[in-house]
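Dear colleague,

Here is the structure I promised to pass on. Please open it alongside this email; my notes follow below.

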Amino acid sequence: MQAHMNKTEPLPVVTIGRQVNISPEEEKTYLEVRFHVPADAERIHVAYQYDRADGKTVIDLGLRSPERIVGWSGGARTEMFVGLETATPGYASGDIASGEWAVLLGAYKVPDEGTEVSVSIEIQLKHKRWIPGDLHAHTYYSDGKHSVGEVSRSCLDKGLAFLAMTDHNTFSQNRNTLVKTEELLLIPGVEMTNYKGHANLLGRLDALEDFRVYTVEQASEQLAKGREKGALAVLNHPFCPDCPWEFGFDVPFDAIEVWNGPWRELNETAVSWWQERLAEGRRIVAVGGSDFHGPHPWVQHGRPTAHVRSESLTAAGILEGIRRGNVVLTLDPDSTFIDFQINGTYAGDQVQRNSERGTVVMEAVIRRAQGDQISLWSDRGLERQWTAANDELTLTCELPQDRLFYRMEARRDIGELGAQVMTCLTNPVYLR
């Protein structure tokens with residue numbers, strides 16, 4: 001899993017290393033390597049090593065919390081983790097209590113000379129960072145070609161941390177999200193799919209009552225009911241030539257999918273529409289998702305990737321980050337990423353104008369951007385442009401504060417996807 005940290009933010013990780021000598025007399029017993037977990041822990045990762053070369057030594061692995069044993073993998077794994085809503089199979093996720101925990105070492109086979117086991121423990125504390133995932137994908141619960149397990153493995157292999165389950169007009173796929181022992185965070189969802197447009201409802205097991213809507217009033221009613229249940233409403237691919245959103249934009253919604261699948265004309269139209277609404281003073285959150293259904297030369301999980309700024313890898317944390325607009329979209333999980341700030345305030349948030357100064361300070365840390373054209377936009381339109389000569393660069397400048405917002409884009413010529421494609425799109429920092 002990739003997580004982008006601003007260069008000024010410390011990585012909040014506690015690392016513990018232990019060497020354990022196990023004697024032959026301790027064979028067939030269970031040893032505890034105890035360690036303290038501080039408050040606000042989000043993830044515990046454990047790895048261990050010993051000499052397995054001759055096959056005469058077998059040391060099993062497990063973990064206990066202050067309350068109970070939370071998992072056991074025997075000799076099948078060399079590492080494991082537990083998080084708030086994700087975990088290595090065989091281990092249970094959940095609240096990580098502060099206090100005394102222990103790595104369990106089962107001394108199944110110990111040679112006459114004994115053995116030494118190296119144990120490494122890494123405790124990650126809750127902290128704000130950019131977490132990558134896919135907000136729109138399908139499985140064989142509707143018209144997708146793959147199982148939940150298959151799409152989960154695809155997402156993990158691409159470096160994603162979460163996936164929204166958005167099968168068409170059904171909630172049965174969301175039962176998979178109740179299984180909190182998977183390595184990928186699965187967010188429940190449904191794509192309300194009818195003949196006049198599509199919309200995702202994210203975050204609740206059963207947020208959609210009826211997809212058979214014909215009028216603006218009926219569409220509004222269903223979206224409102226989903227939001228009342230706590231779901232996040234996203235209007236999908238609104239300018240798609242095959243299935244555009246025909247109910248208008250005065251319905252209740254939380255975000256709009258301006259980037260659907262690989263970059264193409266329907267996304268260009270959506271971004272232009274979004275820019276116009278932002279310039280009018282509307283604060284609309286922009287999101288994106290792959291809309292993956294099955295094997296395709298250009299449609300892939302994480303194309304685009306939604307990086308959501310959250311303090312925890314939980315469904316609630318991801319959805320709250322989206323509601324705030326703390327979202328940066330990238331072409332792929334490992335393509336250009338713009339960590340964009342105005343006066344230290346991140347994309348999606350707002351900054352107070354300073355009447356005495358008259359300007360604000362922009363800082364953008366841009367990674368993997370060689371050859372990209374970087375653009376700065378406001379309600380006045382295109383403000384400035386740069387060309388990235390290196391993979392990483394930092395842009396710092398003062399900007400007039402008499403704007404409604406600032407946001408950034410990166411574009412690049414990529415032959416396989418067309419002439420010029422978007423590689424990164426940030427939500428705005430708003431000025432007030």
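The largest cavity holds about 80 Å³ of space. This is a predicted model, in which local features need pLDDT of at least 70, side-chain atom pairs count only at pLDDT 80 or more, and totals for chains, interfaces and linings use all residues. Residues are numbered from 1 along each chain as its sequence is written, and side-chain values use heavy atoms, with hydrogens and water left out.

**Cavities and a pocket**

A cavity here is a set of points, on a 1 Å grid over the protein atoms alone, where a 1.4 Å probe fits but cannot get out. A volume is the space filled by probe spheres set on the points, which are joined across faces, edges and corners. The count comes to 3 cavities of 30 Å³ or more.

The largest cavity has 11 lining residues (those with an atom within 4 Å of a point). Nearest its centre lie Glu42, Arg43, Gly83, Thr86 and Leu313. β3 (41–49) and β6 (79–83) are the elements that give two or more residues to this lining. Strands are DSSP runs of E, at least two residues; helices are runs of H or I, at least four; both are numbered from the N terminus. By class, the lining of the largest cavity has 4 nonpolar, 3 polar and 4 charged residues. Ala, Val, Leu, Ile, Met, Phe, Trp, Tyr, Cys and Pro count as nonpolar, Asp, Glu, Lys and Arg as charged, and the others, Gly among them, as polar.

The second largest pocket has a volume of about 210 Å³. A pocket is an open set with protein on both sides within 12 Å along at least five of seven lines. Its lining numbers 16 residues, with Cys240, Asn260, Arg264, Asp291 and His293 nearest the centre. These 16 divide into 5 nonpolar, 8 polar and 3 charged.

**Sheets**

β3 and β6 also belong to an open sheet of 4 strands, in the order β1-β8-β3-β6, with antiparallel pairing. Strands pair if DSSP finds at least two bridges between them. β1 (13–22) and β6 are the edges; each has a single partner strand, so one side of each has no neighbour in the sheet. The twist averages 15 degrees from one strand to the next (axes are lines fitted to C-alpha atoms; angles run from 0 to 180 degrees between N-to-C directions). Between β3 and β8 (115–125) there are 8 antiparallel bridges. Gln49 stands opposite Ser118 in β8.

Another open sheet of 4 strands runs β20-β19-β22-β25, again antiparallel. Its edges are β20 (345–346) and β25 (393–400). β22 (359–367) pairs with β25 over 8 bridges. Glu363 faces Thr396 of β25.

- β23 (373–378), over 6 bridges, with Trp377 paired to Arg407.
- β27 (420–426), over 5 bridges, with Glu409 paired to Leu425.
- β28 (429–431), over 2 bridges, with Tyr406 paired to Val429.

**Helix α3**

Gly281 follows α3, with a positive phi near 105 degrees.

Best wishes
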